[in-house]
Amino acid sequence: MNPRVDELFLAQARRRPDDIAVTSGSTSITFGQLAERATAIAGGLADLGVRRESLVGIAFDRSPDAIVAILAVTLAGGAYVPLNPAFPASRVKELLADSGVRLVVGDPAGCAKVADAASDGVRVMDLYEVPRRPGYVTPPAPPDRSPLAYVMFTSGSTGRPKGVLVEHRGIVRLVRDPDYAEFGVADRFAQLSALEFDASTLEIWGALLNGARLYIVDTETAVVPWRLAEALRTNEITVAWLTSALFNQLADEDPGMFAPLRCLFTGGDVLSPRHVELVRARHPDLALYNGYGPTENTTFTTVHRIRERCDRPIPIGRPIRGTTALVLDDERRPLPPGVVGELYAGGTGVARGYLNNEELTRKRFVLIGGERYYRTGDRVHVDADGVLHFHGRTDGQVKIRGHRIELGEVTAALRSVPGVADCHVSVAGPAHHKHLVAYLVAPKTSERTVRTAVAAKLPRYTLPDQYVWLTRLPLNGNGKVDVAALPRTGQADRADQTADQHQLAELWGDVLSIDPGAIGPNDRFLEIGGNSIALGALLGRIHRRWGRHLSFADAAAAPTLATMTRAIATASVRRELVEPIPPSAGAAVDLHPQQVGLYALWQADPDSLAYNIPVRLTLRGPLDVARLRSAFTVLLQRHDALRMRLTPVDGAVRQVALEDLTPEFEYLSGPVADPLAGFVRPFRLDRPPLLRARLVHRGPDENELYLDGHHIVLDGVSLRVLVRDLFDLYAGTEPAAAATTFAAAAKWCRARQVTDVDEEFWRAELTGAPAGLELPTDRPRGRSRATRGAVVRRTLPAPRLAVVDQTARRLGATPFAVLATAYTATLARLSGQHDLVIGTPASGRTHPALESVVGMFVGTVCLRAELAGDTDLAGLARQLGARQWQALTHQDFPFERLVDRLDVPRDPARNPVFDALFAYQDLDVYELATADLAISVELLNPGTTRFDLNLQVYRRPDRLVLDLEYATELFDPTSADYLLDEYLVALDELCDDPGTPVFSSPGAAMSAFAADFAF
């Protein structure tokens, strides 16, 4: 049996002819009057040629006449096609052409608009011009299928609208005896939606097919809070449907306005938990629903009643009666609970297809198990209770500067900021320079406050580049954000920029992942997101673009866009940094210079874990284990460094990448007390792969992925590349290929000639420097270097991170210089030394082709601090900052060769030249979100150390993490704690009063530190 809307309506009219059916202002129509008028006009439409499933255009604003017309078309057996008179003439013309409509009825304004757009052959009639035939009887419908009820046009992905063919049975299943809510004769439905928006299906037919009353609310009243509140109150509305955008605005304006309602539906976009809680707190008895569904499945596919406080994204619920929901993978195989896939909707609500578009219909409406399903294009997972959770569109991810970004995630983070009433995030800019723009309704909140708060929640690459403040988000007639009405975003004033400045701004934007149009001549690279690694990448691209060699020191001396452009024009030409690295033929190659020392250390102690790099990735969200395992396998194939076999050959060590390897990927699903036990173990450098993985299941939507690799083929930049590539592959996205291989890079780096200038610099820099750090120790130093280690940690929250950044800007320095200054000052105070050297890593990626190559490139450079008695912290910061840029300029000179040339005395118990290392890890990979997973990355200490003291500062979006790794054979935990506490004191002094002398109380700090030591 195929129930029909016309039959159900006429049954209601016969049952209660004197009950009010429709009210608009002071006008009311009873069910009997409505049936009489609509039936008479239906007869006239039949005389005009309307037959079963004839398409008839309806050109009305919301009004009682519009309801009469819709009913008349339905009773005549036709299908109505809403045409909004407010649409531009070009859109109306497009809809008429696509639908093939030959008859349009409307009100005077609607008829005039359509007549202007209609081509010859389209008849446009005022509703009152349609002849009447009282006593008309609706024609029978085909017995084998449900007849067509309406055609509603939705926006296509190409911008071309597509007409959805909705049948009577879809409407009946939506509103008659639904299992998600109760509708009855006592209800009063508000019609707040335009006729061409599918929410009107619920509003109009929900009232008329249940004997309830429909109250028509005009467009202005629907979006003005005080007027809508008055309409709800005076008309005693019990049921209403609002888009989530309109709901948010009304909830902020007056959450008490919903008092008359018994039942409120909202949806059309991801709900804001904050706005939901505003309304629930005022109206705890209100039945509030999240309604989800595409037009292609007749308004609702699933519904979720919100009964409890929810700080996480609100579920979209369960399928309504008559609906089947499947969660399938890319091969249309069912996915288990917790795993994200595409939602397919089936049942009686599924539309017939798209009007005059068979190809698209075949793509989107598919047969599964003999039943028709609509591919929603929405990503969801179902939990153990059968409740569906929304994860965005399959096409809702945007890719900007190589990163996949969920706009919904950015929007949710912005909405959670106190003071942000509403927001919308969109993509702007041309294809090669896309960027995010955030439109905010936040009258009492500054951009700085919002930026700081969002930076504490999101990875840097997902942060909006521009913020635009609005008094209210513009909404279209459907109650959704009117994207076309959003203001165009501003750009930096580039009118006076030269062509070279334009090109350099593009390079800055590419490296920093910001819109180049927002970069002005006076912007400073290191103040708008740059760091030493980003600067190295920039210098490589400058080499490639102009063939000019700009050193780190040159760039630091020319910090703005304008000054750097001038520096490029006078820089020397270095052809070897412009020409591509020659490919390797696949044969064995010599070690990279930075691998030589590591191999010697491994040979001396093959069982040492000192150069293992264990990493924990906490994965929150539904996880497909098989897909992750497959992605890890492909990762090994993509990066030859991970497959290297290192073996001595004729007195030299050679390496070759093996092709056929079995990946080490272990999955532990049961309770695991120590996930590193048996996992972090010595590597055999002659038995690849040199990266292994262990996945540990911790609970629903929470897993831990452990990676362990050997430092001889991995460095910090490599870790960033591996993590991003792994989860790109997991998400089904092919990562961009590196410009060369590690084998080719190692061969190229080995063959490079280090300049005499580099050696002369280091000789001048380190001549006369002390041999090491004279800190007191808890135990005497042994005969060999201490390699057992442990870590003490401190965490600085977002406000203190912001203070560090502010201090760097105030001093004209970088966060690295600020943080390294506090460390150097602490070591100077505790040792009493006025001349000391610390080590710090340098990326070693001085050719632009090396940016995304996995391998061991990182070297160590020395920073010397020479402190006079009156040197203050600000002076030390400037000194270290300048020396850092000089050191990076000359980083190609290998450290081992430097030690030999300086003729430094070798002490097997100490590292040459320096005993303490400082690293500022700002790799933008420690927090990220991708493929439905929130990923947190943390390097782990396997109980080893490479230096006496090693301070690693990790910059995360919302904090600084300080890990002081110390040699346990020399220091007790209490001593390491004390040193880290003193570091924080020095950092506070630098930030609060940069003029504080380094040695404010000579000998005091050293005495306090040494008091607890036996030696």
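Q: Is F761 buried or exposed?
A: Burial is read from relative accessible area, and under 20% counts as buried. In this predicted model, F761 has 15% relative accessibility and therefore counts as buried. W762 is buried as well, with a relative accessible area of 2%.

Q: How many aromatic pairs are there by this rule?
A: Two rings pair if their centres lie within 6.5 Å. The count comes to 27 aromatic pairs. One of them joins Y467 and W469: the ring centres are 6.3 Å apart and the planes stand at 45°, so this pair is tilted. Y467 is buried, at 10% relative accessibility, whereas W469 is partly exposed, at 31%.

Q: What are the centre-to-centre distance and the angle between the planes for F761 and W762?
A: An angle over 60 degrees counts as edge-to-face. F761 and W762 form an edge-to-face pair, with 4.9 Å between centres and 75° between planes.

Q: Which residues form one aromatic cluster?
A: Y180, F183, F189, F265, Y289 and F300 together make up one aromatic cluster.

Q: Where does the charged end of R627 sit?
A: For a charge over a ring, the distance to the ring centre must be within 6 Å. The charged end of R627 sits over the ring of Y730, 4.3 Å from its centre. R897 lies over the face of F893, at 5.8 Å from the ring centre.

Q: Where is R720 placed, and which helix holds this residue?
A: R720 belongs to helix α21, which spans residues 716–730. With 18% relative accessibility, R720 counts as buried. Leaving aside residues up to four places away in sequence, R720 touches I533, L923 and V925.

Technical notes: Residues numbered from 1 in each chain as written. Predicted model: local features only at pLDDT ≥ 70, side-chain atom pairs only at ≥ 80, totals over all residues. Heavy atoms only, no water. Helix = DSSP H or I, 4+ residues; strand = E, 2+ residues; numbered from the N terminus. Buried < 20%, exposed > 50% of the residue type's maximum accessible area, 1.4 Å probe, protein only. Contact = heavy atoms within 4.5 Å. Phe/Tyr/Trp six-rings, centres within 6.5 Å; stacked < 30°, edge-to-face > 60°. Lys NZ or Arg CZ within 6 Å of the ring centre and 35° of its normal.
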